[in-house]
Amino acid sequence: MKRFRHVRMAAVLLLLSLPVFAQESSLSLPADADIRIVVDISGSMKETDPLNLRRPAVRLLARMVPEGARAGLWTFGQYVNMLVPYDVVDQAWRETAIERSSQINSVALHTNLGLAMEKASNAWVSGGRLENTHLIVLSDGKVDVPGEADASAAEERRILSAWIPELKAQGATIHTVGLSEQADIGFLRTLARETGGSFQLAQSAEALSLAFANALNTAVPQEQVPIEGDGFNVDAGVKEFTALIFSGPEAATEASLKLAGPDGAPYTYESAPDHVNWASEPGYNLITVTEPAAGRWRLLGDLGQGSRVTVVSDLRMAVSPIPTTFTENEPLRVEVAFFEEMERLTGADFLSVIDVSLSITASDGRKGTKELSAQSPPEDGIYRDTVARLPVSGQYQIDVLADAGTFSRKFSVMTSFVIPGEEAPLEVVREPLVPDLSEQAEALPGFEGAESPAPAVLETPAEVAEPPTPEQKVQPAAPEQDASEVGASDSDTKKAPETLWGLPLWAWGSGVALLVVISGFVLFAVRQKRHRAEAQEAAAAGRETLDDLDVDEEPPVIEPENDAVEFVPEAEAEEATIPEVTETVPVEPEEPEIPTVEETVLAEAVEDPDPSEADDPASAGLDVEEDDEFGLEDFDLSEFDDLSEYREDSPANDWPEPTDKKENSKK
């Protein structure tokens, strides 16, 4: 009997150890990516993308797909065309994709999305394997095939009921980007959700580059170094870094962005040295530096939301795949390890000098951080943590930071916490025009709880701004080019902004609104002053002397001492009474002092929060009650801060005329 108990105990211990072994073997360096880009060229794109900003967005993907990955580009309308052949990504492939991006147009009659995805995901393209295949699909409309409306509806049902389950079984993932509210949001979200991919709604064509960059980072997360303030640190092991800097259209066409190395000498797009490849496009700059000097590099200029710096080095930080959604039933499990070339590092000498932390940032900017390296380094070299639930459902940014002084790495990806039975929040991407140094490590000195712009992520479709009126839409200056016009410059497409006397219409509208507000304040002040004067005149009628005009209250009665009591005869007292007036003045209760306009405006402003509540997790909206919830026990809630709201009033029609600058292909 005793032997049986020993055998049973050994079996239990073996079963308990199995998950540990599974965890230990689950984390490794990711395999080479397989990226297939599918772009809509239907005629409706003339309205949703009049400046053909799909071209620079596609060029961004072509430049950012990791070296050694496999990739291809398909365009579709009624028919499907493999614009860039599926092949290994090298410099020749990038040049081909950049050159052929000029053939992207808006001339197709239909939107045969199902056929396009089938062609792009055909297993023969990759030798029968789709386990690591990611489709990045862009469309601005619904499934539209030749025939009656019933034909399109039947095709949509076929895609969801027959083709998607087959593709999912083969391991492929679809990441969809819908352009404007005209896109079939429900259908595109279903494609992404059923295959474990992500969906983003690009609010305008100006947001396409950011949406594509986010989709690529979700499909193939790339190692980054954190941007701190106006710069970032490069260690000696970095062979190459790429800075993707989103900015306004002016910054992309003028030499307003500068990059300064550790020696302090700044250079621009025009003066970049031989080892720098600098591409300047509408809305972003992409700067690749090979064999960079170790030290601090500075970015001089505006850094829009989504700006990032990726690195290539032998020393790598690997993070387990982060799902696009998680729930309490399927919690978020995070594993982190470091590799040199292909070998996982387990030595305590190396791991003990690295601080590893997990940060989670809500869509409103509140943030919590947990140290993963607070105790001794793990024996197997894998840092682990589990996030079972968050206070509310919504979009969250997951950041893993590793810092060892001169060495730093960052992993960043978006995910959603979903309460069972609820729909995942809609991720809306706006144009990255507002400068944002959201990656700074600390608040500025002397500014505790400094404000930063909120991320460009909304939680519900209701927060999407209304589409522009026909008068507000930009006017395409040139018709779409035919496929035969290969190599045509983007400068052929011009924008004619609507202006009045040299100023854009939105500026005039803002000025008129400001005048109306000021006029209202002045009118309010005049009425208050008049009301106060009338009150004083009414009170003056009942006073005896002019000295009493400014007295709002009766003076206090002082009781005289016994030896100083003075008796007034009744007759004299009657003579001292206030004489009768011909007009009856109604007695009104005393009114409080009427505030001035400045005081009224300040009183209506947003009140400063109670300092005692600033550090309270419950008042911050991220109250936690259980040990497995993000916050309180696990996270440093002093990191939480309330960020200012993201500005939605940035003009969408102030794009400059695209330039025909040649790319700097120096290496």
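These notebook entries record what I looked up in this predicted model.

**Entry 1: confidence**

I began with the pLDDT values. The mean pLDDT of the protein is 74, and 63% of its residues reach 70 or more. Where pLDDT is low, the predicted coordinates should not be read in detail.

**Entry 2: Thr111**

I next asked where Thr111 lies. Thr111 is in the loop that runs between helix H4 (91-100) and helix H5 (113-120). Is Thr111 buried or exposed? Its relative accessibility is 7%, and because buried means under 20%, Thr111 counts as buried. I also looked up its partners, leaving aside neighbours within four places in sequence. Thr111 is in contact with Asp40, Ser42, Phe76, Gly77, Ser139, Lys142, Val143 and Asp144.

**Entry 3: salt bridges**

Side chains of opposite charge can pair when their charged atoms come close. How many salt bridges does a search of the whole structure find? The search finds 19. I examined several of them one by one.

Arg36 and Asp34 form a salt bridge, with 3.0 Å between the closest N and O atoms. Arg36 is buried, at a relative accessible area of 0%, and Asp34 is buried at 6%.

Asp49 meets Arg54 in a salt bridge, at 2.7 Å from N to O. I checked the accessibility of each partner. Asp49 counts as buried at 0% relative accessibility, and Arg54 counts as buried, also at 0%.

Arg158 forms a salt bridge with Glu155, and their closest N and O atoms are 3.0 Å apart. I located both residues in helix H6 (residues 149-169), where they stand three residues apart, about one turn of the helix. Arg158 counts as partly exposed, because its relative accessibility is 31%. Glu155 has a relative accessible area of 15% and is buried.

**Entry 4: a network**

Last, I asked which residues are linked in a network of salt bridges. I noted Glu223, Asp235, Arg316 and Arg409 as linked in such a network.

Methods: Residues numbered from 1 in each chain as written. Predicted model: local features only at pLDDT ≥ 70, side-chain atom pairs only at ≥ 80, totals over all residues. Heavy atoms only, no water. Helix = DSSP H or I, 4+ residues; strand = E, 2+ residues; numbered from the N terminus. Buried < 20%, exposed > 50% of the residue type's maximum accessible area, 1.4 Å probe, protein only. Contact = heavy atoms within 4.5 Å. pLDDT = per-residue confidence, 0-100. Salt bridge = Lys/Arg side-chain N within 4 Å of Asp/Glu carboxyl O.
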